[in-house]
Amino acid sequence: MKLQGKVAIVTGAATGIGKAIATGMAAEGAAVVIDYVGTPDMANAVVSSLRGKGSSALAVEADVSNPDQVNALVAQTIKTMGRLDIFVNNAGMESKHPFTEYPFELWQKVIAVDLTGPFLCAQAAAKAMIQQGSGGRILNISSVHEDLPMPTNAPYCAAKGGLRMLMRTIAVELAPHKITVNNIAPGAIYTPIDADVEASRKIEATLMAEIPLGRWGKPEEVADLAIFLASDAAGYCTGSTFFIDGGMLRQSGSL
Ligand code: BGC
């Protein structure tokens, strides 16, 4: 058990990569808080399944872009689970539109969820961890698009690029408190965020041609990396991005 006795919050954990991380961390002994927005059904289903396997789990609704809700999420976790050791900034969204037509309101929404959210969550988590005095782990689920441009996805790429420098900056600031901060940058992982791609064989084939390993990644593969980075084994890792992309960043296109 790599995370025995630890308490983790995973944002956006009702589905996709967040659900896999929460499930994987619970299997390694962590108590997990499943953050969600909107209808609670899927989050409650994750909690029931984890409790059924003997884990301690709780669903809490909090919009990561709302400071009061984020503070309440951390406060409720500490009240219910006793402490906070691991915070996973996973909640995210994207909406693809050509740059010249990109609606301003949507730009603000994507930046709010994908960049302001991790800022607010990391700040609230770091305050709680500093007060506890025993270090901690902050993990951001970024994307290959913190480095790789993606036409029609300008705010998403801008947010993920911003998340890279947020991570690097706060990793240095929080190091004296033994709080490590790292990004996990997935490539194409088979989850609901890519429903449009998964629904079209032609678009999917184009994407697969960009991936040297020639397949989608699995949420559980991202979870395994998150578990490592959250564990004591990763005590010397901070301020870095860990790519998990089937080689996507290294593909040489038509060469
Ligand atoms: C995006 C997906 C995309 C993948 C690889 C992810 O960050 O959410 O839409 O397929 O990167 O390009």
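First stop: the shell around the ligand, which divides into four nonpolar, three polar and three charged residues. (Ala, Val, Leu, Ile, Met, Phe, Trp, Tyr, Cys and Pro count as nonpolar, Asp, Glu, Lys and Arg as charged, and the others, Gly among them, as polar.) Before you click on, know that this is a predicted model, where local features need pLDDT of at least 70, side-chain atom pairs count only at pLDDT 80 or more, and totals for chains, interfaces and linings use all residues. Residues are numbered from 1 along each chain as its sequence is written, and side-chain values use heavy atoms, leaving out hydrogens and water.

Now select Glu-94, Lys-96, Ser-143, His-145, Tyr-156, Gly-187, Ala-188, Ile-193, Asp-194 and Met-248: these are the residues around the ligand, with a heavy atom within 4 Å of it.

Next, pick out Ser-143, with a polar side-chain atom 2.6 Å from a ligand oxygen. For Tyr-156, that distance to an oxygen of the ligand is also 2.6 Å. Asp-194 places a polar side-chain atom 2.7 Å from a ligand oxygen. How much of the ligand does the protein bury? Of the 310 Å² that the ligand exposes when taken alone, 94% is buried (Shrake-Rupley method, 1.4 Å probe).

Technical notes. Polar contact = N/O pair within 3.5 Å; in protein donor to acceptor, adjacent residues only side chain to side chain.
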